[in-house]
Amino acid sequence: MKETQTPGVIRAALITGASSGMGREFARQLSALGECDEVWLVARRREPLETLAKELGVPARVIPADLSTDEGLAALKEALSEARPTLSWVVPAAGFGVFGRYDEVSDEDVSKMIDLNVKGAVAVTRMAIPYIQRGGHIVELGSGSVFCPLPNFNVYASSKAFILHFSRALREELKHLGVSCTVFCPGWVDTSFFSVADKEGDVRKPPMEKRKPLLKADRCVRGAIRAAKRRRALYTTNWYTKLEHLLSKLLPAPMLIAGWKSMQNRK
Ligand SMILES: NC(=O)c1ccc[n+]([C@@H]2O[C@H](COP(=O)([O-])OP(=O)(O)OC[C@H]3O[C@@H](n4cnc5c(N)ncnc54)[C@H](OP(=O)(O)O)[C@@H]3O)[C@@H](O)[C@H]2O)c1
């Protein structure tokens, strides 16, 4: 699919989770690569979004919104219907995870993970589709955790497994519009993800030294953009994520689960 650039049309990139980590990196790279003429930056914290907006070489709209809530989603939908942008990229990167057994993770965190990682990502994608140009791209944030049920990271991994299926099926549904949909499945990436995932106290989780090597966000995002431009269905970042993907096709789930559990600090 040839990427079309109609003269006079302002192409926008809509990025959620843009206040840090990989969302911020997508904003930097897509604007630097000339993939968009304007960037829509969405997250809860206004200040880091405004700092990023000043640094980008293209105009940016800052939209502070909590995408785990109906109000936050409605605010973004309204902004889209008012501006009616032509979107060249949509990256719903907002998301978080919390380690721990079922009784170590709060009801609130469980609900928020599902609300943001599943409901929020699906809602943002669906509200953006009418504005995506032919030749445009959606990059959904999956994870290396999509390939196996993960005890003690269960709701997070399950929420991302949902995104894997959602993205792959949506990709087929969007073919007639000439819009690609790629699910981006990184391994452990060095972002503020872990400051949220690692709650206070001794909860069940892989210790930090077992989460090595920590990948660099800029490299992972560069690879994801390249894969999306090639209209790939799935992008895994590095050898251990590719190995997890392969093993998930070859081994029964109990063996994969036993491998994951062997990394935990407590069983
Ligand atoms: N880091 C990893 O190892 C890793 C691996 C695989 C997949 N991922 C996925 O990659 C995506 C980006 O994560 P990251 O690693 O870049 O982590 P990060 O640096 O913590 O970024 C998370 C982003 O999500 C936003 N966010 C959190 N809750 C939100 C809410 N309720 N409403 C709107 N925005 C919200 C945060 O901004 P505010 O706090 O300002 O709202 C932040 O911009 C996530 O979907 C994550 O699950 C991460």
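Predicted model: local features only at pLDDT ≥ 70, side-chain atom pairs only at ≥ 80, totals over all residues.
**Ground rules.** I number residues from 1 along each chain as its sequence is written, and I leave hydrogens and water out, so that side-chain values use heavy atoms.

**Whole chain.** I looked up the secondary structure and found 9 helices and 7 strands, taken as DSSP runs numbered from the N terminus (H or I, at least four residues, for helices; E, at least two, for strands). The radius of gyration is 18 Å, close to the 18 Å that the globule rule gives for 267 residues, so the chain is as compact as a globular protein of that length; the radius is taken over C-alpha atoms, and the rule is 2.2 Å times the number of residues to the power 0.38. Along the principal axes, the C-alpha atoms fill a box of roughly 60 × 35 × 30 Å. I find 53% of the 267 residues buried, where buried means under 20% relative accessible area, exposed over 50% and partly exposed in between (1.4 Å probe, protein chains only).

**Helix α1.** This helix covers residues 21–32 and reaches 17 Å from its first C-alpha to its last, close to the 16 Å expected at 1.5 Å a residue, the expected span being 1.5 Å times one less than the number of residues. I note that 9 of the 12 residues of α1 are buried, among them Met22, Phe26 and Leu30. Just after α1, Gly34 takes a positive phi of about 75 degrees.

**Helix α5.** With 20 residues (154–173), α5 reaches 29 Å, close to the 28 Å expected. Its buried residues include Tyr156, Lys160, Ile163, Phe166 and Arg171, and what covers the buried residues of α5 includes α4, β5, β6, α6 and β7, with contact meaning heavy atoms within 4.5 Å.

**Surface patch.** I then looked up a nonpolar patch made of Trp239, Leu243, Leu246, Leu250, Leu251 and Met255, which together have about 630 Å² of accessible area by the Shrake-Rupley method with a 1.4 Å probe, only the protein chains shown counting as cover for residues. Helix α8 (residues 239–250) gives the most, with 4 residues. Leu246 lies in α8 and counts as partly exposed because its relative accessibility is 44%.

Conventions: Patch = residues over 30% accessible without salt bridge, like charges linked within 9 Å, V, L, I, M, F, W, Y side chains within 5 Å. Salt bridge = Lys/Arg side-chain N within 4 Å of Asp/Glu carboxyl O.
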